[in-house]
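Please look over the sequence and the structure below. A short briefing follows, grouped by topic.

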There are 4 protein chains.
Amino acid sequence: MEPLFGAGIWHFGQYVDRYATDGYGPPVTTLEAIDRAGQVGSLSVVDLTYPFNPVDLAVSDVSDALKRNNLRAIAITPEIYTRKFVKGAFTNPDAAVRREALSLISEGAEVARELGCDYVKLWPGQDGWDYPFQADYGQLWKYSLDGVRELAATFPDLKFAIEYKPREPRNRMVFSGVARTLLGIEEIGLPNVGILLDFGHSLYGGESPADAARLAISRGRLFAIDVNDNFRGWDDDMVVGSVHLTETFEFFWTLRDLGWDGVWQLDQFPFREDQVQAARDGIDVMRAIYRALDLVDRDALRAAQDAQDALAAQRIIRKALLSTLPE
Amino acid sequence: MEPLFGAGIWHFGQYVDRYATDGYGPPVTTLEAIDRAGQVGSLSVVDLTYPFNPVDLAVSDVSDALKRNNLRAIAITPEIYTRKFVKGAFTNPDAAVRREALSLISEGAEVARELGCDYVKLWPGQDGWDYPFQADYGQLWKYSLDGVRELAATFPDLKFAIEYKPREPRNRMVFSGVARTLLGIEEIGLPNVGILLDFGHSLYGGESPADAARLAISRGRLFAIDVNDNFRGWDDDMVVGSVHLTETFEFFWTLRDLGWDGVWQLDQFPFREDQVQAARDGIDVMRAIYRALDLVDRDALRAAQDAQDALAAQRIIRKALLSTLPE
Amino acid sequence: MEPLFGAGIWHFGQYVDRYATDGYGPPVTTLEAIDRAGQVGSLSVVDLTYPFNPVDLAVSDVSDALKRNNLRAIAITPEIYTRKFVKGAFTNPDAAVRREALSLISEGAEVARELGCDYVKLWPGQDGWDYPFQADYGQLWKYSLDGVRELAATFPDLKFAIEYKPREPRNRMVFSGVARTLLGIEEIGLPNVGILLDFGHSLYGGESPADAARLAISRGRLFAIDVNDNFRGWDDDMVVGSVHLTETFEFFWTLRDLGWDGVWQLDQFPFREDQVQAARDGIDVMRAIYRALDLVDRDALRAAQDAQDALAAQRIIRKALLSTLPE
Amino acid sequence: MEPLFGAGIWHFGQYVDRYATDGYGPPVTTLEAIDRAGQVGSLSVVDLTYPFNPVDLAVSDVSDALKRNNLRAIAITPEIYTRKFVKGAFTNPDAAVRREALSLISEGAEVARELGCDYVKLWPGQDGWDYPFQADYGQLWKYSLDGVRELAATFPDLKFAIEYKPREPRNRMVFSGVARTLLGIEEIGLPNVGILLDFGHSLYGGESPADAARLAISRGRLFAIDVNDNFRGWDDDMVVGSVHLTETFEFFWTLRDLGWDGVWQLDQFPFREDQVQAARDGIDVMRAIYRALDLVDRDALRAAQDAQDALAAQRIIRKALLSTLPE
């Protein structure tokens, strides 16, 4: 049976960057974005940023919009990276701002409960440093773990998924890679903290995403995934499979192989493309991958991998993926 | 005599990115930004983005603000990278938008004339591509050269400086590096088209900035420079010398060595720092470099470079730069 | 009709690096390497490094070995990167060594004539710099152009193809990218100097290889190509298509589109794999690509590219390449 | 009191790469290399690769050579990356080769005991993968931990320091970064396994080396360090401080701040430079750094870091390092 497909709601929002400061399109409300997600047709779940837009939007209105689009909220992502938090959320040098961050996330957690989400996503993109000598790294680490621990202890019925990333918007992030985040999670010592593994973050961070997934799963901490693609130097958030088809395939292969059966979720930023079409295309690629998984000669691949025979393994994979291979 | 120092006016504006969509601080008008530039105290010139903010601001008001801050406008940078142009300015697939881009730049050129600027800066950040197979590269190249040629022919009394950059906001830019831009400029075949070399763009594009400067100067096309710093993977626009002190020093050494005597200009984005202080710090670093240039043993360096003796060359440089070297 | 396939003879030689200093396998003579190339079965041409191994091997013996393997020498690659030339061949600070480099290349050129090669390949991997301040970049540039010009003028009946590369073994190479190499070639001003474009060099140098090919072809300077793959950070010389299938496809698409009909040549280093099998696999991938080229809806792609519609273009391409796309 | 300075003995050996296969100089025996190390004048310790060259060299001869050069062996580095192990040492698909690797390391450990070394260095450069789908990552991880655990359990009186590295010679290494290696070490669960942190590996792996050191120290696992420099894209092993002076300074600052007082050790590959001079220059830079550490206004830096004030922190640092700063 096909996996469930999902998307971050920001996929359907307004994008802004430091050049097109007037946006790659007009502003989009939360309800409009949900309706766009509904137009995709194959999405089952969305990850919602919080606060909603507008901020006084009722949860029930969100809930209704989801229902009429046959969508469910899989997660709430509190926006701990806006102006108030540009010097850090968990790690802000100002204790009052750190408190505000926890407070905003807690609010988001309540909404997550109300919407019946699977997890609260923590994306501490402003938590890190920009310059050599700027920070006491031990202090940043402690602030980060303390903050997440407090949340996880306060909401033991909810799961918290940390989305790690090497950089952007900070030049360097505290939770920068899978291993470092696992170290932190194990230091926190609570069962309801895990990882959201973004394929693109892993890729441009120099990891092999399939291996990163394996590591997180081996410790019982892979709570969710996001997929997209990039040119391996930045978080380009391109359409799934547009550059790294083989490694995307390996990523999904590994998830299946290890019995991980969560949602296949999009985190794309189609800056100059049609958002609904971009989502459909990403899902089409995932469907092609899903079908190709069944065409892999599992035993032969196992044998090739036991022998670490790269050529044999790649031949098996090409045979499953490509349409025009010579016999 | 000390060089003139300058800055892009955006150094003193509001920064926005795709996460802090509400900005790293409140909006800033052109006049406010000019006043901030004036506070730095050591700036002589600024590069002004156009249209002004607000759009109906009179050139005479800008002129007055510059005067009262002891500043001069060295350049106008038309904003050909906002929403209207996200699919390209010179290379937009829509001929009408290409026309609009030329029209906006022409307006900016008139303002540049009025303000007595040295050049119009062209920064075609949206001109490029994001995906494999997206574009006919020959068409993009032709559009780019045709557009710049038309401008340069229309305003033969003005200089046009192309600021190249490997990427951002586009995943790949048409004018991506110094050699490619020179190829294009020579194909255009007009004397009033040259290069603005941004140290950071060169660095993270894999060039040696000093060598890039040499190449542009050798063809008579180095019209202006911007300096800043980064971690060599992205255009971080950090304070000058904060990471790559030696290569920054080499860059300025080469400029002096080849007799290039233009303005030393800042293009920093101190997202989370005080803008005026960041400019002062960047200038302090440039002043330290300027003084250290006089401490270089010129003949010894020449001899070391003729022998391509890296160790000797580096010893000479360290002696000029560092305060605590053992004898 | 299928293209001709070729390979650098080093594909079948002994690999060494700074760790496995005893080699990734035993030494291999030129004749043995030719025999291995012959075993591949689909190769028509090879690019031969010179001097041969052993150095006193007769050209006629090489010629015989080629014949019995149904191979032709497409090029001679003089080894201007061994111990004698580690401080540079064309740019060595010692004029006597520069002379030796020209002399070795000239010898190679004579052999190329004798073997009826299409071109002499120049790969100046040791020509560049390692440290900031090490070299006078203008001097390196002049040495490089003077050397190549002298060769091209001396052998007007032969073609010289410069293989550019961003780095390795030098930290920075003089001929680092396509545009820079074209600038140099045009400065040389002779018709028989061109480019060998290595897909992997272009890719990890931050170029879009298809665009680089377009640029070289537009100036009549694309003399030859090499293909392989890498992780975009180093010249990994992996099997063709193992990582960047789409961009490899775009590369070959562009060659066909522009009417370039040279040899499809392998430059792989299967360090830990069977060399003959790796070549066969690389050719299989190229054959799959060759066939898929015919499945591309040319008019639709043209329309998508005119509109710079990335999603449409990628859909067309996926349809040609993948076997399991949903309808 | 000044720190002790050390160097890897390979600094003084013959370098080879895949182009200069005849070496960047003639072969060097272990005793010759020790004598070169002795010529440096400021070195106190060396890290010796094992087997010695020639392989039958007596340990007593090595010991004598060290003594006459006033050197001590701080470590033994078993060569588990030569031809026999190109498909892996700990992770070789062939159990017999895995066994041979352990056996060679054990031999090296005995020699380490005999020479009174501080630790055995494990550098599993061939342990990893090159291609997507090549390996079962869980199996590689298990093999790696099992091998190291067995060694550490067998030699409880010795310390084993794993030198992590993102890649080279393998495209991807199992022990790729500080966090991942710490995860592995904690999973091994023995006190005598730790990390050798190579500054350059950390830098080009995307870490902030000072932060990586902090993390390793916080878990009691920083056994040793190596320093050098690079352009942040590859392990260039350049002379210390030649590119990243500020981050090198931050690295040593952090070590002092956290009370880590081990040897300051060189891992440079001066391919085209005089080896003894390169070592002296690296040490000179380290001495300049050592002296500058005392010039840092500690309280002011602490305050700046508590406020995460990058500008203030950088000003403090520049004041300690640079000779020509304006007042």
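With which side chain does the side chain of A:Gln275 make a polar contact? The partner is the side chain of A:Tyr15, at 3.2 Å. A polar contact is a pair of N or O atoms within 3.5 Å; within protein, one must be able to donate a hydrogen and the other to accept it, and residues adjacent in sequence count only if both atoms are side-chain atoms.

This is a predicted model, in which local features need pLDDT of at least 70, side-chain atom pairs count only at pLDDT 80 or more, and totals for chains, interfaces and linings use all residues. Residues are numbered from 1 along each chain as its sequence is written, chains are lettered from A and ligands numbered from 1 in the order in which they are written, and side-chain values use heavy atoms, with hydrogens and water left out.

**Around A:Gln275**

- A:Gln275 sits in helix α9 of chain A. Helices (H or I, at least four residues) and strands (E, at least two) are DSSP runs, numbered from the N terminus.
- A:Gln275 counts as buried because its relative accessible area is 10%. Buried means under 20% relative accessible area, exposed over 50%, and partly exposed in between (1.4 Å probe, protein chains only).
- A polar atom of the A:Gln275 side chain lies 3.3 Å from the backbone oxygen of A:His11.
- Neighbours within four places in sequence aside, A:Gln275 is in contact with A:His11, A:Phe12, A:Gly13, A:Tyr15, A:Arg36 and A:Pro270. Contact means heavy atoms within 4.5 Å.

**Around B:Val120**

- B:Val120 belongs to strand β4 of chain B, residues 119-122.
- B:Val120 has 0% relative accessibility, so it counts as buried.
- Residues up to four places away in sequence are not counted here: B:Val120 touches B:Ile76, B:Pro78, B:Ile105, B:Ala109, B:Ala112, B:Leu158, B:Lys159, B:Phe160 and B:Ala161.
- B:Ile105 is 15 residues from B:Val120 along the chain, and their C-alpha atoms are 8.3 Å apart.

**Cysteines**

- A disulfide is a covalent bond between the sulfur atoms of two cysteines.
- A:Cys117 counts as buried because its relative accessibility is 11%. D:Cys117 is buried as well, at 11%.

**Two domains in chain A**

- Chain A is divided into domain 1 (5-295) and domain 2 (297-327). Such bounds come from an automatic or database domain assignment.
- The C-alpha centres of these two domains of chain A lie 32 Å apart.
- In chain A, 7 residues of domain 1 are in contact with 8 residues of domain 2.
- About 790 Å² is buried between the two domains of chain A, with 64% from carbon and sulfur atoms. Buried area is the accessible area (1.4 Å probe) that two parts lose on being put together, summed over both.
- On the domain 1 side, A:Phe249, A:Trp253 and A:Leu295 lose the most area, together 53% of what that side buries.
- The rule finds 2 salt bridges across this domain interface of chain A. A salt bridge is a side-chain nitrogen of Lys or Arg within 4 Å of a carboxyl oxygen of Asp or Glu.
- A:Arg302 and A:Asp257 form a salt bridge, with their closest N and O atoms 2.9 Å apart.

**Chain B with chain A**

- Chain B gives 44 residues to the contact, and chain A gives 44 residues.
- Chain B and chain A bury about 3900 Å² between them, 54% of it from carbon and sulfur atoms.
- In chain B, B:Arg18, B:Tyr19 and B:Arg272 lose the most area to chain A, together 23% of what that side buries.
- The interface of chain B and chain A has 10 salt bridges. B:Arg18 meets A:Asp237 in a salt bridge of 2.7 Å, N to O.

**Chain C with chain B**

- The contact takes 49 residues from chain C and 49 residues from chain B.
- The area buried between chain C and chain B is about 4300 Å².
- The count between chain C and chain B is 6 salt bridges. C:Arg219 pairs with B:Glu187 in a salt bridge, the closest N and O atoms being 2.6 Å apart.
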